Structure formats: C-alpha cells, structure tokens
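User: Hello! Could you take a close look at how the aromatic rings are placed here, and then follow the packing around them? I'd like it in one connected answer, please.

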Amino acid sequence: MRIDTRKLAIVGVLSAISIVLGLTPLGFIPIPPASATTMHIPVIIGAVLEGPLVGALIGLIFGAFSMLQAVMRPNVLSFAFLNPLVAVLPRVLIGLVSYYVYKAVLMLWPKSNGDKRLTAANTIATGIAAAAGTLTNTVGVLGMMYLIYAARVAKAMGISEAAAGGAIAAIGLTNGIPEIIIAVIITIAVVSAVRRISRR
C-alpha cells in the first residue's frame, strides 16, 4: 500500500494537529490519577478518510507524544507511558480498528442509491468507527498497563495489588466515556465537512 500525495498531505495536516494537541493542555486533560485525551481523534479522522496506513502513522505520532508527555508533565502513572507497548502500540491500532470498523459497518448497511441514505450510512459508520477507535485506545492502553505494571500501579496509587484491576477499570470508565462522546461528535462533524467540500 503506497502513500500518494493526497494521503501524505492528510498525514501532515492531522499530524500537525496532533502535535499542537500534544504540546498544549487540549491534548491531555488531567482527570486524576491519569489524563483523558483528545489526541486519538485525528487518528480516527485520518483512518476514516484515507485508510489504515494513514491512521496508523498518525497514531504513531500520538504514541510518541504520549511518551514525551510522560517525561514533560508526569503524573503518578507516567512511568507506564515510557513503555512503547503502553504508549505507542495501542495508538497505532486505533487507526487500523477505526478503518476496518468503518468499512464493516458500510458493508453491512442495506444497499441504497439514495443520497440521503448513503449520507446516513456514512454518518453512522463514522460514529461507530470513532467509538471503536476510542475504545481501542482506552482498553489497549489500560489493558497493557495492567498486564505489565499492575503491581507498580497499585503502589503508585496506594492500593493493594488485588485492587489494581478495579482501579484501572475505574480510570477507563471515568476517562473513556467522555472521550467516546467527544470523539464521535468531532469525528462525524469533521469527516462530514471534508466530504461535503470534496464533492463540490
């Protein structure tokens, strides 16, 4: 799969947005003991508009900034984000999951030649892809954190190791639900706008 000029331009623009988010509080919103993020949204948008490779490349940048964030603005769980398996791998997977979920929903949608039904199908597929991509980020990051660092997480949070799983799940619910809602709204709005412009 090659990257043409259009895909390269999309990667550049969305990567720049990711960089701006990563360097400002807009990208990582502190909700102790962790941080909620909006940096997964450009990854999802890139994947839906231009495919899995574009999404994966933007996800790679997201992951790199997560590692940088762990150094520049540490919190009690930042040690985990120095590991690429926690900070990078799940972010690359966001692009892959978002794209293939989007395509799967479109394939399952009843076929129709009507413009309105086609627009509705794309909107619903985009929203579901945004939710799936966000879940990939939340479950992937927190799942890897639990698998690799459960004992250190428990120590950092001042809880027993047996309670680490519940504490990590609570972080997932606290951060994940707002992240899904925001991602669905913004992704649908941006993707719909880009498609409207491209049809002119």
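Analyst: Happy to. Let's start with arginine 91, which lies over the face of phenylalanine 62, 4.2 Å from the ring centre (a charge sits over a ring if NZ of Lys or CZ of Arg is within 6 Å of the ring centre and within 35 degrees of the ring normal). The model is predicted, so local features need pLDDT of at least 70 and side-chain atom pairs pLDDT 80 or more, while totals for chains, interfaces and linings use all residues. Residues are numbered from 1 along each chain as its sequence is written, and side-chain values use heavy atoms, without hydrogens or water.

Now the rings themselves. The whole structure holds 2 aromatic pairs (centres within 6.5 Å; planes under 30 degrees apart are stacked, over 60 edge-to-face, the rest tilted; for Trp the six-membered ring is used). Phenylalanine 79 and tyrosine 149 make an edge-to-face pair, with 5.5 Å between centres and 85° between planes. Because phenylalanine 79 sits in the loop between helices H3 (52–72) and H4 (84–87) and tyrosine 149 in helix H6 (residues 115–157), this pair ties together parts 70 residues apart in sequence. Helices here are DSSP runs of H or I, at least four residues long, numbered from the N terminus. Phenylalanine 79 is buried at 15% relative accessible area, and tyrosine 149 is buried at 14% (buried is under 20%, exposed over 50%, partly exposed in between, with a 1.4 Å probe and protein chains only).

Tyrosine 99 and tyrosine 100 have ring centres 4.9 Å apart and planes at 80°, so they too are edge-to-face. Tyrosine 100 is partly exposed, at 49%.

Tyr99 leads us on to alanine 47: leaving aside neighbours within four places in sequence, alanine 47 contacts Pro52, Gly55, Gly95, Ser98 and Tyr99 (heavy atoms within 4.5 Å). Alanine 47 belongs to helix H2 (residues 40–50) and is buried, with a relative accessible area of 0%. Its C-alpha atom is 7.1 Å from that of leucine 96, 49 residues away along the chain.

H2 also packs with helix H1 (residues 5–23), at about 170° and with axes 9 Å apart (axes are fitted to C-alpha atoms over the stretch in contact, and angles between N-to-C directions run from 0 to 180 degrees). H1 and H2 are therefore roughly antiparallel. Residues of H1 including Ile10, Leu14 and Ile17 meet Pro42, Ile45, Gly46 and Glu50 of H2.

Key: Helix = DSSP H or I, 4+ residues; strand = E, 2+ residues; numbered from the N terminus. Parallel < 35°, antiparallel > 145°, perpendicular 65-115°, else oblique.
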